[in-house]
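Subject: Structure for your review

Dear colleague,

Please find the structure below, together with its sequence.

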Amino acid sequence: MKNRRDFLKTAAVASATIATTGLLTGCDGFDADPQSPVVFTPGKPLPWINWAGNQSCFPSARLAPAHEDELVAMLKGANGAGGTIRAVGASHSFSAVVPTNDTLITTDLLSGVISHDPTSVQAEIWAGTRMHNLGPMLHEIGQALPNQPDMDYPAMGGAIACSAHATGKGFGSMSSYVTGLTLATPSGELLECSATSHAAVFQAARTSLGALGIVSRLTLQNLPAFKLVETNRVEKTEDVLDDFAARIAHHRHFEFLPLPHTSLCATVTTDIAKDGDVNVGEEDSSAAHTLRKVYNALSWLPAIGDAAYEKVLTMALGGAGSEIRTGQSFEVFPHVRTTRFREMEYTVPAELGAACVREILQTIKDKKIPVCFPLEYRYVKADDIWLSMFEGRDGIAISVHQYGDLDYKAYFSQIEPIFWKYQGRPHWGKIHTLKEPQLAALYPHHWQDFKELRQSLDPAGRMLNAHLKSLFGIQNSVNSGS
Ligand SMILES: Cc1cc2nc3c(=O)[nH]c(=O)nc-3n(C[C@H](O)[C@H](O)[C@H](O)COP(=O)(O)OP(=O)(O)OC[C@H]3O[C@@H](n4cnc5c(N)ncnc54)[C@H](O)[C@@H]3O)c2cc1C
């Protein structure tokens with residue numbers, strides 16, 4: 001059976017055969033790593049840069065508390081902490097939720113499992129624990145996260161702050177697994193919050209954007225450890241959209257990644273593993289690079305660009321293309337991300353997802369937007385968390401991406417208004433341009449509740465950077481932080 005790696009490699013060779021060498025000048029030798037937006041100057045503060053390389057700042061203080069009492073002391077101004085204070089996890093957000101030129105507090109040293117209960121299958125962890133460390137730690141105590149995103153680099157506190165999510169009809173975002181948390185407030189109080197203790201703070205702090213203080217501990221509702229089997233295929237996007245309701249009903253997890261300028265998509269179907277399930281093929285972490293080579297080669301050909309691209313991919317696929325991965329859940333959920341990219345994602349009401357993604361794909365085609373990076377289409381269950389993108393409604397999260405060394409702004413600006421037409425709520429950790437008035441309308445139930453709670457916990461706005469101020473409609477005069 002041909003796997004996805006073979007499929008794309010064959011396509012790259014085939015496209016190079018179709019295209020003449022003279023037309024390919026400038027298509028090879030690319031690298032998706034972005035230029036660093038800032039450089040270090042000796043004597044000046046060390047720059048902070050996010051994973052995607054589109055956000056940066058020069059914090060005058062970078063602090064790493066190893067204990068809760070140190071965290072509390074820092075929030076009260078110890079160790080040079082002052083001005084705007086922002087928490088940072090793994091720097092994997094694409095939006096400007098982290099930057100400050102004042103105080104950056106990393107949660108890296110607040111890591112590990114604190115305690116666990118085998119009966120309730122809950123575990124209390126430090127909020128700085130990176131997801132890729134948490135999987136094996138939970139496995140040792142016979143537990144596993146119910147669901148995980150398709151990469152495991154974030155810190156749990158960072159993931160929760162932005163309602164990071166995966167896919168699956170029966171699964172909410174990662175914030176929905178949190179049954180309790182400890183919040184270190186801007187005034188240096190430690191609040192232990194749950195559905196029955198500081199309940200309002202709990203509902204706000206489960207997706208807080210880091211605006212309420214710094215979460216030090218999380219209690220997670222896990223499942224007994226389990227094994228998964230994931231099957232990857234290449235299929236027709238329209239067939240998958242027609243069959244989507246059945247697939248999400250019958251499989252534990254399902255998502256698909258439409259390929260712009262083609263009728264094709266990659267599908268990912270994940271279920272509990274059965275005895276006898278084995279790995280087939282091998283994960284191709286360079287697939288996005290190879291796809292780009294094929295696209296670049298063919299899009300340079302006048303007149304036949306899209307048609308030739310689709311034909312080469314279809315020929316190379318030849319009807320097969322399955323790759324199967326199996327193992328413990330924490331090994332199967334995540335994928336290695338070696339291609340640097342930038343991403344915009346909106347969640348639209350579940351019933352509007354198909355129309356929305358169709359309009360995006362048609363717009364890319366009609367406007368001849370030069371993009372080959374696949375889109376992503378995932379289902380997430382509704383929750384009741386105040387600022388969760390899934391608050392009050394099941395959602396389809398649709399993402400668009402661009403390679404890290406290419407300008408994403410022209411592409412994203414043509415797609416973003418489509419999301420607005422479909423009542424899309426932007427992912428807090430991904431690129432978007434919405435501000436307070438539009439956001440308030442998208443969160444009719446608890447936007448004001450969140451703002452009032454934030455104001456009561458942090459009247460001086462010490463946790464707000466410029467981005468958060470624009471989200472919450474707060475004048476810059478509240479605080480001098482960047
Ligand atoms: C390659 C890649 C793949 C991705 N895939 C997915 C995906 O599949 N699904 C998805 O939903 N998202 C995805 N994302 C986005 C990412 O998961 C989220 O933005 C996530 O929040 C990042 O976690 P982090 O630890 O890097 O947080 P950071 O980016 O460091 O911080 C994010 C926010 O959390 C706050 N914060 C951090 N720690 C704390 C704390 N302890 N207390 C309070 N606030 C805190 C920060 O102040 C900031 O506001 C992806 C990003 C990348 C780069």
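Predicted model: local features only at pLDDT ≥ 70, side-chain atom pairs only at ≥ 80, totals over all residues.

Residues are numbered from 1 along each chain as its sequence is written, and side-chain values use heavy atoms, with hydrogens and water left out.

Overall description

The average pLDDT (the predictor's confidence in each residue, from 0 to 100) is 90 for the protein, and 89% of the residues score at least 70. Over residues 17-29, however, the pLDDT is below 50; this stretch has 13 contacts in the model beyond near neighbours in sequence. A contact means heavy atoms within 4.5 Å.

The protein has 14 helices and 20 strands. These are DSSP runs numbered from the N terminus: H or I of at least four residues for helices, E of at least two for strands. Of the 482 residues, 59% are buried, where buried means under 20% relative accessible area, exposed over 50%, and partly exposed in between (1.4 Å probe, protein chains only). Among contacts between residues at least 6 apart in sequence, 72% join residues at least 24 apart.

The eight-stranded sheet

Eight strands form an open, antiparallel sheet in the order β16-β13-β15-β14-β18-β19-β17-β20. Its edge strands are β16 (323-328) and β20 (425-426), each of which pairs on one side only. Two strands are taken to pair if DSSP finds at least two bridges between them.

Six of its six residues are buried, so β14 is largely enclosed by the rest of the structure. His 253, Glu 255 and Leu 257 point one way, whereas Phe 254, Phe 256 and Pro 258 point the other. In general, side chains in a regular strand alternate between the two faces of the sheet.

β14 pairs with β15 (residues 264-272) in the antiparallel sense over six bridges, and Phe 256 stands opposite Thr 267 in β15. The hairpin of β14 and β15 has five residues between the strands, and His 261 there takes a positive phi near 70°. β14 also pairs with β18 in the antiparallel sense, over two bridges; the bridge partner of Phe 256 in β18 is Tyr 377. β18 in turn pairs with β19 over five bridges, again antiparallel, and Tyr 377 stands opposite Ile 398 in β19.

Two helices

Helix α10 (residues 353-366) has 14 residues and reaches 20 Å from its first C-alpha to its last, close to the 20 Å expected at 1.5 Å a residue; the expected span is 1.5 Å times one less than the number of residues. Its buried residues are Gly 353, Cys 356, Val 357, Ile 360, Leu 361, Thr 363 and Ile 364. Seen down the axis of α10, they fall within an arc of 160°, so they line one face of the helix. The arc is that of the directions from the helix axis to the C-beta atoms. The elements that these residues pack against include β14 (253-258), β18 (376-380) and β19 (395-403). Lys 368, which follows α10, has a positive phi near 50°.

In helix α2 (residues 68-75), Glu 68, Leu 71, Val 72, Met 74 and Leu 75 are buried. They cover an arc of only 160° around the axis, which puts them on the same side of α2. Gly 77 follows α2 and has a positive phi near 110°.

Yours sincerely
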